[in-house]
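Biologist: Before we begin, could you show me the model, and then let me ask about its helices and strands one at a time?

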Amino acid sequence: MSAFELIPAIDLLGGQCVRLSQGRYDRVTVYQDDPSKLAADFASHPLRRLHVVDLDGAVSGKPCNTEVVARILASTRIPVQIGGGVRDSQTVEAYLEQGVHRVVIGTEAIRNPEWVREVCRAHPGRIAVGIDARNGRVATHGWTQTTDIEAVDLARRLQDYGIAAIIFTDIHRDGMQTGPNIEETRRLAEAIRIPLIASGGVGTLEHIRGLLPLEAAGVIGVITGKALYSGAIRFAEALALARQSDRKSDAFSNN
């Protein structure tokens, strides 16, 4: 079994690294004017992945922080996954050619699922889908619109598309540090065969520890941002906790 991934998030708004509270653009905290410096700091740790979101792009429907993304990619050799405003094949291909390891699609999984299937076939292992939910229902367009589609129903529809991973975010918990939605994350993971990455609400090491048992259901990692920036979680300690899970998996497989 692969190691449980602790994935730091860099959310871009106006070229800066920010965090929103509950996905609200009127509740923004700026944490770093130079996101590439933050990426380099993260890269000093033994990470497997860095998560980047173009918040401007998510609302506008096209990438808006391309120069900042280029600096982030230049500052680290850690694989980067990026989402926000990915609505066509040209954007996917441009990111992959730029050096992005994995592209995250959100809104188009609702609006144009056949295109998602096609792009997954064209770029196997390089496409993830972000399912962002408000009260269990999928939100789109940078979380500014909420649909009537249940998160678990969307995940099931995507089952055979060849998606590398689903990133599930409980919007009400995002940026609040009150703990991830364990039960909904478990429910979603158990409904599909696609690896699932949890996101939203992590504020303590105990919150991460609470997700580790969900590995058996297919949860392969967790994304966190605000807790790292605020100092609520020490990055090295959180990574050590994730590695403990990996060692337990190894011990189990050797018995």
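This is a predicted model: local features need pLDDT of at least 70, side-chain atom pairs count only at pLDDT 80 or more; totals for chains, interfaces and linings use all residues.

Biologist: Which residues of helix α4 are buried, and on how wide an arc do they lie?

Modeller: In α4, which spans residues 89-98, the buried residues are Thr91, Val92, Tyr95 and Leu96. An α-helix has 3.6 residues a turn, so residues three or four places apart point the same way.

Biologist: Which residue caps the N-terminal end of α4?

Modeller: At this end of α4, a side-chain oxygen of the capping residue lies 3.3 Å from the backbone nitrogen of Gln90. Just after α4, Gly99 takes a positive phi of about 115°, but the residue that caps the N-terminal end is Asp88.

Biologist: Why can the buried residues of α6 be placed on the same side of that helix?

Modeller: The buried residues of α6 are Trp115, Val116, Val119 and Cys120, and what covers them includes α4, β6, α5 and β7. The face turned away from this buried side carries the exposed residues Glu118, Arg121 and Ala122.

Biologist: Which elements do the buried residues of α8 pack against?

Modeller: Helix α8 covers residues 182-191, and its buried residues are Glu184, Thr185, Leu188, Ala189 and Ala191. Seen down the axis of α8, these residues fall within an arc of 165°, so they line one face of the helix. On the other side of α8, Glu183 and Glu190 are exposed. The elements that the buried residues of α8 pack against are α7, β10, β11 and β12.

Biologist: Which residue in the turn between β8 and β9 has a positive phi?

Modeller: Strand β8, at residues 137-140, pairs with strand β9, at residues 145-150, in the antiparallel sense over three bridges, and Ala139 stands opposite Thr146 in β9. The two strands form a hairpin with four residues between them. In that turn, the residue with a positive phi, of about 55°, is His141.

Note on methods: Residues are numbered from 1 along each chain as its sequence is written. Side-chain values use heavy atoms; hydrogens and water are left out. Two strands pair if DSSP finds at least two bridges between them. Buried means under 20% relative accessible area, exposed over 50%, partly exposed in between (1.4 Å probe, protein chains only). The arc is that of the directions from the helix axis to the C-beta atoms. Contact means heavy atoms within 4.5 Å. A polar contact is a pair of N or O atoms within 3.5 Å; within protein, one must be able to donate a hydrogen and the other to accept it, and residues adjacent in sequence count only if both atoms are side-chain atoms.
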